[in-house]
Amino acid sequence: MHISFLNHANGRYFWVAIALVGASIVAYLLQEPHQTPNGGTWLGYTLGTMGALLILWLIYLGRRKRNFAAGWGTVRGWVSAHVYLGTSLLVVATLHTGFQFGINVHTLAYVLMCVVIVSGLFGVWAYRTYPEARNELKRSQTLDDIFLQLEDIDGQLKRDVSALAADIRGVVSSAIDRTEIGGGMYAQLAGVDSSKVMIDGNVYPNTDQVRAVAWLVERLSVAEGSETGKLSAVVRSYGARQKLLQVIRTDIRFQALQEAWLYLHVPLSIALLAALLTHIVSVFIYW
Amino acid sequence: MFEIAVIGAGPGGLSAAARCAELDVEHVLLESSPKIANTIQKYQKGKHVMAEPGILPLRSPIEFDAGKRETILGNWETGIKTVGVNIQYGAEVKAISGSQGHFVISLVNGEEVLARHVILGIGLQGNPRQMGVPGEQSEVVQYTLDDPGEYKDESIAIIGAGDAAIENAIALAANNKVYIVNRKDEFARAKEGNLNLIMAAIDAGTIECYYSSSPAGVEVLEGGDFPANLQLKTATGDAVVPLHRIIARLGAIPPRKLVESFGIEFPSEDQNAIPALTSQYESNVAGIYVIGALGGYPLIKQAMNQGYEVVEYILGHDVKPADNDLLASKFNGLPYELEVDGVLALMQERIPVFADVNALQFRELMLDSSVSMPAKGDVIFKQHDYTNTFFTILEGTVEIEVNPTLRITANAGGFFGEMSLMSGRRRSATVYAGPQCIVIETPRRSMIKLISSVAAVKRVLDETFIVRTIQQKFAPDTPIEELQPIAARAKMHQFQPKETIFKEGDEADTLHFIRNGSVTVSIEIDGRDVVMSYVPANTPIGEMALLGNTTRSATVKAAVKTETISLDKESFSLLLERSAGLKERLQAMVKDRHEQNVALQSNSESSDLMSFLMGQGLGEATDVLLIDENICVGCDLCESACAATHEGTSRLNRKAGPTFAHIHVPTSCRHCEDPSCMKDCPPDAIQRGGLGGEVFIGDNCIGCGNCERNCPYGVIQMAYKTEAPSSYWSWMLFGLGQKPGRGKAAVVGESSFKQAVKCDMCKDQSGGPSCVRACPTGAAMRLSPEDFVDLVNVVR
């Protein structure tokens, strides 16, 4: 019923990739023994041409997935082939090098290719892991839903503390106002929380709302009379707020992780394309 | 004493009065509002009005062509002045008494108007209920709201607590200070969704509600920040609210009651019923004529033509209706030497199901229908086609192939195709043309309209449906005649959504056959209803217990509005006797169903998911887009693909819509079995495709927005057409133009207008639905309800 890109068409491209890798290895092992394996042999050329064409085709996915009117296959099928054939390139290109590495543009192209493939493999893992983890984290709600709940709780808290003592009002409203979500790329990926809270005129870090909660709990222990009931309601709401913030922060982190690899994968693919062109041109000029 | 009094200055009334003026007939045109064409006045500014049906010529002394609302109204105003129409504004009719030659028309303002003939062209909108307080007619008060986006930074009071009032209040609250005035202390009449919205808005303080309050007056102010004060009587005393605008949404007074009070009869209680009229638009009250939407003709051009014709008829002139040439060309090539009227009469005479239809309605039906003469052996439709038109046989015979061993011959005067017409499901048989065959094909919408207004048509269709169903499903080898007595004992039932058809543990005494709609089968586990499966239309249910002579093993409830045909125990035994092999076939079916049940029973999460899907109204779906949230990466390529292949507007909203477990139901058309959107489309622009069963909107959409309002799932939007997207490579390499499927493309042409758009299942794309094809991970899938059982069993 439900088919992801990994088992598209019963893993057709997995088997194509296996066949390609198998054939390359067999050809490599069977090549004439007196010849040092390198890119210049007939097998080297064959593997190199195949690898270069594969790279061009792999990069073309960027066009295909935006060509919505295209009738040729589904994007899922293309992604499936992209993943399996792209991975097989690790073997094909390595055999093409004949294990001759150096500090030159040829090895640069090879290294770039490896980084692109490894980042892609991370992408496969991320795409298979994070959507499910995020859906479970949010219990089938959207992030917008959770932000709305947070907004409701913040409004509720502000109303609830309006009838309480000035110190409580100050801490709760400053904690709400100084709560920070998201931030730059690093903050998102690492889940950095630079929220603050103001207590007695001093600003303190309030990571994961711990400081504010601690203050409220302590304040509750010395509350008297009608204040006790109202404040304990505030503490309960604040606990719920803390949980929502954790969900939001984790979801943002997961989303960042789910997409971060693309920032490596795509630009390095372009760099690889340039290095590959240089490699091919220089090989023919300086041969 | 006027010769002719025309009531209602809409397109039909204006045209009639203008024709009177042109012919120097003494006439009066009575209009309740202060302006002509009340309904069109209410359209938003600059709205493009279409002139459908394009093929029909206009016949009227006043001009009309597709164009801007203002131009059309302007033309009409000049038109009636030029010919000298005698129009009275503010003349709301309260009663009509007397008879032909001497009608007395009493107006609300106490005046009486005398006339020999009356033409009623009052439309269907009804008059909006007024506030009933001083100042209710002042400039700041309005009774409709077209475009909430027109108002910004105003203080606005909405009077009323119905859905219209709530929807207006919510929409306006985005940019304005909004008050809502509710006569009661709660919003009892509102739909649940609207109720939640308004309560949330009131709690959040974005809308201020005056409960248990009613307006006492509107005071118009000179100068100052606010143009008016609204005086309110509240539970705690009087209040005054300074405002820019008051919008009263108190509902409309439907015209049917008023019309009935004139003595005009409607053939049924059905709210879509239209009064019976002669071919000259005369009602059952001699001398009172009905034209336009009230008579069942919702389009402007039709109404105008009728206005012209009805005056000619009253004066005794013999004019052919404007559609005469259209019908003549339709009948061209038929082997009859007859005029249009003659052919129509012949058809009614030969085809019994149309015998009781009045001449005017039949004419209209034939305008919508097409007549064809297929060669012997031609396929008229194929089994499993998604078409749902209705066929009648004028000449010759057709062969209905139910299965390879069963072919039934239908003769001249008979009909076929009623199964899909009724159930909205695919064709259940293939039909071949016989020798010298002439068939009439009538669209579903026209037939449904006919069925709701002519009881005899409904009866004949129902009876035939029952006997043919029994034959096809239970006794294919038994001749119709032998089944007739069994069919006569069958009963028709209607069930509302969630209504129980039978309960687990009940004694099994009947078999139901689902005629349209669908049902869920559930059993009780630990005091909780657990849904086991979904059963679509055209399937029998309850045969398990009948065969085994036991009690019901499961509860069956309607998933959506459902109609069934029931057979009692005796009829069922009789059927088993008469039809060889039936018992074995049913037993095989029962075995399959047991297997399915066991599979589902073992997993309560699957069952919850099935309940969730049914709760989303997917029981009436034929093809729905679902997203597996566990593999969706949120790239929105599905939306981009939809927009890119559909004139720049995505017809699906991925984020919107509910999720259960990890199955997400995005806001996107599910191509209902019996689509609500198709029910009230004036130009009949919404059609159902032949092969995929997709419901799509044609280019002749006039942008009225009825379908958008009628769709219970909110999947239809009004949108402008946009220019073709720019080239991918110029975007990719140089950042020029729009990102494919995302950027805002320019609107096509200056005079373009919003048309309804929705998913058409990419019927014009070679590879199938682009949303699914563009999904990189395989999260997007399109399913029909029959596949849900597999889905819920795989999803764990």
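**Ground rules.** I am looking at a predicted model, where local features need pLDDT of at least 70, side-chain atom pairs count only at pLDDT 80 or more, and totals for chains, interfaces and linings use all residues. Residues are numbered from 1 along each chain as its sequence is written, chains are lettered from A and ligands numbered from 1 in the order written, and side-chain values use heavy atoms, without hydrogens or water.

Which residues of α1(A) are buried? I found Ala17(A), Val21(A), Ser24(A) and Tyr28(A) (buried is under 20% relative accessible area, exposed over 50%, partly exposed in between, with a 1.4 Å probe and protein chains only). Seen down the axis, the buried residues of α1(A) fall within an arc of 65°, so they line one face of the helix; the arc is that of the directions from the helix axis to the C-beta atoms. An α-helix has 3.6 residues a turn, so residues three or four places apart point the same way. On the other side of α1(A), I noted Trp15(A), Leu29(A) and Leu30(A) as exposed. The buried residues pack against α2 (42-59) and α4 (75-97) of chain A.

**Entry 1: Asp251 of chain A.** I looked this residue up in helix α10(A), residues 226-285. Is Asp251(A) buried or exposed? Asp251(A) is buried, with a relative accessible area of 0%. Leaving aside neighbours within four places in sequence, Asp251(A) is in contact with Arg134(A), Leu137(A), Lys138(A) and Leu143(A) (contact means heavy atoms within 4.5 Å).

**Entry 2: a helix pair in chain B.** Next I checked α14(B), residues 480-489, and α16(B), residues 569-578, which pack at about 160° with axes 10 Å apart. Axes are lines fitted to C-alpha atoms, for helices over the stretch in contact, and angles run from 0 to 180 degrees between N-to-C directions. That angle makes α14(B) roughly antiparallel to α16(B) (under 35 degrees is roughly parallel, over 145 roughly antiparallel, 65 to 115 roughly perpendicular, the rest oblique). Among the residues that meet here, I wrote down Leu483(B) and Ile486(B) from α14(B), and Leu574(B) and Leu575(B) from α16(B).

Technical notes: Helix = DSSP H or I, 4+ residues; strand = E, 2+ residues; numbered from the N terminus.
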